[in-house]
Amino acid sequence: MEMQKLYLLVPLAPLFGAIVAGLFCRVIPRWVAHTVTIAGVAIAFAASVVIFKDVLAGNTFNGSVYTWLTSGDYTFEVGFLIDTLTATMMLVVTFVSLMVHIYTIGYMQEDPGYNRFFSYISLFTFSMLMLVMSNNFMQLFFGWEAVGLVSYLLIGFWYTRPTAIFANMKAFLVNRVGDFGFILGIGLVLTHCGTLDYAAVFQKAPELAGTTINIWGSAEWSLMTVTCICLFIGAMGKSAQVPLHVWLPDSMEGPTPISALIHAATMVTAGIFMVSRMSPLFELSTTALSFVIVIGAITALFMGFLGIIQNDIKRVVAYSTLSQLGYMTVALGASAYSVAIFHLMTHAFFKALLFLAAGSVIIGMHHDQDIRNMGGLRKYMPITWITSLIGSLALIGTPFLAGFYSKDSIIEAAKFSNIPGSGFAYFAVLAGVFVTAFYSFRMYFLVFHGEERFGKADDAHHHEHHGDHDDEEVAHDHHHGLAPGEKPHETPWVVTLPLVLLAIPSVVIGYIGIGPMVAGDFFKGVIHVDAQAHPALAQFLEHFHGAAAMGLHAFSTPPFYLALAGVVLSWFFYMKRPDIPAAIQRRFSAIHTLFENKYYFDKINETVFAGGARLLGTAFWKGGDVAVIDGVVVNGSARFVGLVASVTRFFQTGYVYHYAFTMIIGVFVLMTLWINRA
Amino acid sequence: MSNHLLSLAIWIPILAGLIVLATGGDRNAPLARILALLGAVAGFVVTLPLWAGFDIAKAGMQFEELSTWIPRFNINYHLGVDGISMLFVVLNAFITIIVVAAGWEVIEKKVAQYNAAFLIMSGLMNGIFTSLDGVLFYVFFEASLIPLYLIIGVWGGPNRVYAAFKFFLYTLFGSLLFLIALLYLFIESGGSFSILQWHQTPLTLTAQIWLFLAFLVAFAVKVPMWPVHTWLPDAHVEAPTGGSIVLAAIALKLGAYGFLRFSLPIAPDASQELSTLVVALSLIAVVYIGFVALVQADMKKLVAYSSIAHMGFVTLGFFMFSAMGIEGALVQMISHGFVSGAMFFCIGVMYDRVHSRQIADYGGVVNTMPKFAALFMLFSMANAGLPATSGFVGEFMVILGAVKYNFWVAFAAASSMIMGAAYTLWMYKRVIFGDVANEHVAELSDINMREFAILGVLAACTLWMGLYPQPFTEVMHASVNELLRHVAASKIPM
């Protein structure tokens with residue numbers, strides 16, 4: 001009973017903070033807004049720690065809070081499922097959220113929308129917690145769309161910037177495309193299982209493994225394949241998998257704290273979480289898993305390439321996030337769900353760290369985001385420098401750091417997987433290691449090492465950005481970039497403290513976590529793997545002899561040397577011989593143009609889908625409604641009635657005469673029928 | 001007293017309307033407003049016991065009233081509500097308060113007449129939702145159009161005559177066929193105008209199909225369904241804000257209600273036979289109208305088209321013959337009352353200040369009207385079907401019900417998740433976000449207490465219904481299940 005109150009407290013404490021800060025954002029002082037929201041999230045974090053310990057002691061929970069709706073034979077409830085998967089997600093979400101809340105005090109201090117921002121990020125925390133704590137698909141969908149709403153509000157936080165308000169609409173609509181598939185998947189689950197409660201659905205699912213449905217023509221499709229692919233389309237939207245990835249790079253229009261919280265650590269991993277939660281369903285369809293692994297592999301490799309040519313510091317990290325989400329998806333496809341969740345967790349820490357460090361650099365650079373204007377910052381921002389280095393090393397998979405354990409496990413799982421598409425996936429994730437190391441350290445070297453390129457007179461306004469980042473309307477953008485001679489400065493403690501606190505798990509969490517989470521039975525009974533059909537994880541674990549051995553073994557495996565090669569090459573290119581990348585760019589200008597245009601996804605979407613919809617709308621409106629229905633039918637009848645009315649006008653005058661006309665005919669028919677009957 | 005709740009719900013607003021009318025010219029406008037508000041509140045208060053005292057276990061009619069009216073033709077004054085109609089009486093009375101409040105400072109000419117028209121219309125529409133006698137229903141059904149004509153015709157925009165004429169033209173054929181259908185039923189049932197008795201009258205399939213088609217024409221115009229929808233955008237554009245609110249929130253529900261009260265129970269076999277036709281028309285409404293809404297330049301037209309798409313969900317839900325479908329459709333109707341009412345009010349708030357409904361005349365409204373922008377965001381999201389708002393519940397139920405009915409029907413219906421968000425958020429972006437677009441926007445003042453109260457109440461309703469829809473659906477179960485049982489049984493004489 002006591003624990004159940006605690007479960008409720010976890011989402012409600014941030015919600016309370018969000019409501020107070022949001023409803024009274026115009027009247028309360030800033031310290032009230034950040035105190036109440038930080039307190040809310042801190043309570044949620046503390047409660048999550050208690051719950052996590054309780055779950056480790058073996059106390060799980062699955063029960064409803066209230067009945068949302070009943071209809072026909074169906075009951076929809078709002079309820080919680082608390083197990084190891086949920087508890088892990090709760091810890092990650094509340095911890096990163098708490099860090100971001102504290103960081104925001106420093107990052108947003110000059111922004112007029114300070115209170116509103118705190119309200120939004122607390123509302124996000126509430127929504128994300130509702131998503132991960134749900135015990136049914138309906139509430140999952142609620143959390144799913146609610147985080148989408150907050151993401152929309154936050155990307156468009158600076159609502160006078162044309163690029164921001166375009167990006168937030170794009171993000172919402174692309175996510176809606178995913179949700180379109182998601183809701184059809186939920187519909188199939190409800191139709192065939194008769195309930196949306198996870199436990200009941202998972203129990204019923206094996207019986208449906210052989211069921212086929214007739215979707216198109218006479219071809220019979222496996223029900224589970226169709227359902228899982230529909231559900232996965234939802235995950236593709238939220239977790240930004242190709243081709244629904246287009247919104248994530250643009251989401252960088254939002255303030256940096258939310259890029260860390262929403263667009264790196266938590267919301268974008270909701271799709272990964274969802275598929276892991278649905279492992280009992282996905283295990284029933286190898287076809288769906290093949291689809292998943294191929295999409296993940298494409299995202300992992302091809303989005304990594306784009307990271308190489310970005311010059312906006314946040315966009316480099318954004319493409320890195322896309323690529324890492326692809327890695328997680330590959331793990332899902334290889335049936336290594338626990339590995340996907342493990343990478344989700346390590347990634348949440350080091351990617352939040354990298355984003356917040358990038359934000360710290362942006363503050364230090366007075367909101368100049370172009371890495372070509374930086375260089376040598378390590379002298380001026382030592383804490384940011386060291387923590388960034390730790391984050392980058394964790395990301396590229398340096399042995400013994402967090403990212404190494406999770407990423408290497410994914411590569412191993414892909415290697416051992418035997419489902420169609422896994423060969424390509426193995427190649428993609430392996431090649432991706434080199435690419436990741438290259439773009440990560442390209443950014444690192446350009447920002448923290450080498451020549452100091454900031455503060456040059458001709459430089460202060462020379463950042464070719466996408467759209468107009470330097471919109472002078474936004475208060476804190478008044479000083480954009482460093483003035484000539486000005487030096488960057490280290491950021492205040494509210495900014496650096498979260499960096500340090502995130503750097504710690506980025507180092508140790510992999511070493512601690514891999515034993516229990518991947519090799520142990522931490523997720524026993526939560527994540528279901530059909531070891532017979534999909535033995536990848538089991539085969540990987542046969543070669544696993546503890547975290548220390550895995551770290552040592554890494555020095556004799558290809559991923560380590562690929563990562564090393566990436567770092568060395570980026571050092572050589574950008575520190576020693578900057579003329580080489582320029583020469584390559586000239587030589588392979590076709591490929592560079594392709595990357596520059598992000599494989600033309602945006603162009604295609606804008607012309608084919610957005611343009612096509614508008615064209616179709618105009619055609620239906622002008623052609624259907626105006627020309628045919630109104631032009632021919634309505635006005636045609638109007639002329640006919642006008643003719644009749646011109647006769648009856650002798651009897652009836654005034655505005656309501658039409659109406660009287662109806663009545664007269666009515667009475668006439670009445671009498672006719674009456675007489676005929678008699 | 002409690003035996004006459006339905007009569008009170010009908011006649012209090014009508015009587016209040018007549019009293020308001022008696023205050024005369026605009027010298028007494030303040031008095032007229034206060035009386036109108038009192039009348040609307042009184043009308044709402046008497047409907048509350050209907051919900052509070054509703055027996056959710058009972059499928060049949062409750063709060064019935066029966067007395068003879070024209071004995072010669074067996075016409076009775078017969079009222080009653082069941083789980084299908086009860087909530088609409090409450091909703092109608094509630095919206096009447098909103099409408100009176102919405103016109104408070106805005107309407108300055110013929111104040112008494114304006115408020116009287118709305119009060120009388122409110123009473124008449126309660127009559128439609130509660131009539132259990134065919135003639136009584138018809139009288140209310142037709143009479144309720146007169147105030148709406150007047151509202152558009154007197155307080156409407158520059159092109160009001162065309163709009164009213166178009167509306168008339170559409171309803172002309174529908175009303176005529178409806179009347180013939182009623183008379184035919186009178187004869188077939190052996191001289192009864194009781195709707196409940198008609199439900200039991202055996203009919204051949206041919207007769208049922210003709211009746212069904214007659215009803216379809218009458219009700220499809222009111223809903224409105226594609227392709228008889230083109231009067232609605234014009235009527236909305238010309239109507240004053242209050243007129244648009246009532247039109248969207250209540251008047252559109254009359255046609256849909258007619259399907260449940262007449263088409264399905266009176267012609268169940270024909271309903272099954274022709275359900276594919278209605279489902280097809282509904283899906284066209286959802287998909288086709290979604291695209292049309294996208295390219296509208298006039299905000300009111302855009303919301304009017306989105307209403308048609310949302311009503312497409314209603315007719316789709318009805319003709320899937322499942323509890324989820326019908327209840328989802330009913331939820332969608334009530335939700336649409338809150339959300340589209342609020343959307344039209346929001347547009348009215350901006351129109352009162354700038355005197356334009358064109359999207360292009362706005363931009364950056366959030367800079368000058370932040371409170372308004374926040375509330376408008378909530379209703380826009382509800383219009384796009386975001387969970388935790390009422391707009392989600394009905395769509396969710398209908399889409400989930402549709403997957404069971406046919407995967408591709410669900411596929412087409414679910415496309416509204418994308419289109420609904422696209423046209424609503426694109427409008428919101430162009431109107432609210434961005435830099436201050438022109439000096440009109442720069443001079444805007446944020447919503448006053450009255451506007452804030454109206455939008456706040458509607459926001460509370462929208463969230464309540466989104467977070468806890470159970471109280472709305474539990475009253476429907478018994479009646480909807482009974483209706484489904486009834487429709488499943490054939491009425492064709494052996």
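Guide: Helices here are DSSP runs of H or I with at least four residues, strands are runs of E with at least two, and both are numbered from the N terminus. The model is predicted: local features need pLDDT of at least 70, side-chain atom pairs count only at pLDDT 80 or more, and totals for chains, interfaces and linings use all residues. Residues are numbered from 1 along each chain as its sequence is written, while chains are lettered from A and ligands numbered from 1 in the order in which they are written.

Visitor: Is B:Met333 buried or exposed?

Guide: B:Met333 is found in helix 15 (residues 323-354) of chain B. A residue is buried if 20 or more other C-beta atoms, placed from the backbone, lie within 10 Å of its own, exposed if 12 or fewer, and partly exposed in between. B:Met333 has 24 C-beta neighbours inside 10 Å, so it counts as buried.

Visitor: How far apart in space are B:Met333 and B:His310, C-alpha to C-alpha?

Guide: In sequence, B:Met333 and B:His310 are 23 residues apart. From C-alpha to C-alpha in space, the two are apart by 8.4 Å.

Visitor: Which residues does B:Met333 touch, not counting residues up to four places away in sequence?

Guide: Two residues are in contact if their C-beta atoms, placed from the backbone, lie within 7 Å. Leaving out residues up to four places away in sequence, B:Met333 touches B:Lys253, B:Ala256 and B:Val314.

Visitor: Which residues does B:Ala32 touch, again not counting residues up to four places away in sequence?

Guide: B:Ala32 lies in helix 2 (residues 29-52) of chain B and is buried, with 25 other C-beta atoms within 10 Å. B:Ala116 is 84 residues from B:Ala32 in sequence and 8.8 Å from it in space, C-alpha to C-alpha. Beyond four places in sequence, B:Ala32 touches B:Val20, B:Thr23, B:Val111, B:Ala112 and B:Asn115.

Visitor: How many residues of helix 4 of chain B are buried?

Guide: Helix 4 (residues 111-130) of chain B reaches 29 Å from its first C-alpha to its last. That is close to the expected 28 Å, the expected span being 1.5 Å times one less than the number of residues. Helix 4 of chain B is largely enclosed by the rest of the structure, because the buried residues number 20 of the 20.

Visitor: What is the handedness of the crossing of helix 3 of chain A and helix 10 of chain A?

Guide: Helix 3 (residues 84-107) and helix 10 (residues 256-265) of chain A pack at about 160° with axes 8 Å apart, the axes being lines fitted to C-alpha atoms over the stretch in contact and the angle running from 0 to 180 degrees between N-to-C directions. The two are therefore roughly antiparallel, given that angles under 35 degrees count as roughly parallel, over 145 as roughly antiparallel, 65 to 115 as roughly perpendicular and the rest as oblique. A crossing is left-handed if the near helix is turned anticlockwise from the far one by less than a right angle, and right-handed if clockwise. The crossing of helix 3 of chain A and helix 10 of chain A is right-handed.

Visitor: Which residues of helix 22 of chain B meet helix 3 of chain B?

Guide: Helix 3 (residues 86-102) and helix 22 (residues 449-467) of chain B pack at an angle of about 160°, with axes 10 Å apart. That makes helix 3 of chain B roughly antiparallel to helix 22 of chain B, and the crossing is left-handed. B:Ile98, B:Ala101 and B:Ala102 in helix 3 of chain B meet B:Arg450, B:Ile454 and B:Leu458.

Visitor: Which helix gives the largest share of the side of chain A that touches chain B?

Guide: The contact takes 58 residues from chain A and 55 residues from chain B. Suppliers of at least two residues each on the chain A side include strand 1 (61-71) and helix 25 (601-648). The largest share of that side, 16 residues, comes from helix 6 of chain A.

Visitor: What is omega for the peptide bond that joins B:Trp226 and B:Pro227?

Guide: B:Pro224 is in the loop between helix 9 (205-222) and helix 10 (231-238) of chain B, and the bond from B:Val223 to B:Pro224 is cis, with omega near -15°. B:Pro227 lies in the loop between helix 9 and helix 10 of chain B. The bond joining B:Trp226 and B:Pro227 is cis, and omega is about 5°.

Visitor: What is phi of A:Tyr600?

Guide: A:Tyr600 sits in the loop between helix 24 (589-596) and helix 25 of chain A, and counts as exposed with 11 C-beta neighbours inside 10 Å. Most residues other than glycine have a negative phi. A:Tyr600 has a positive value, near 65°.
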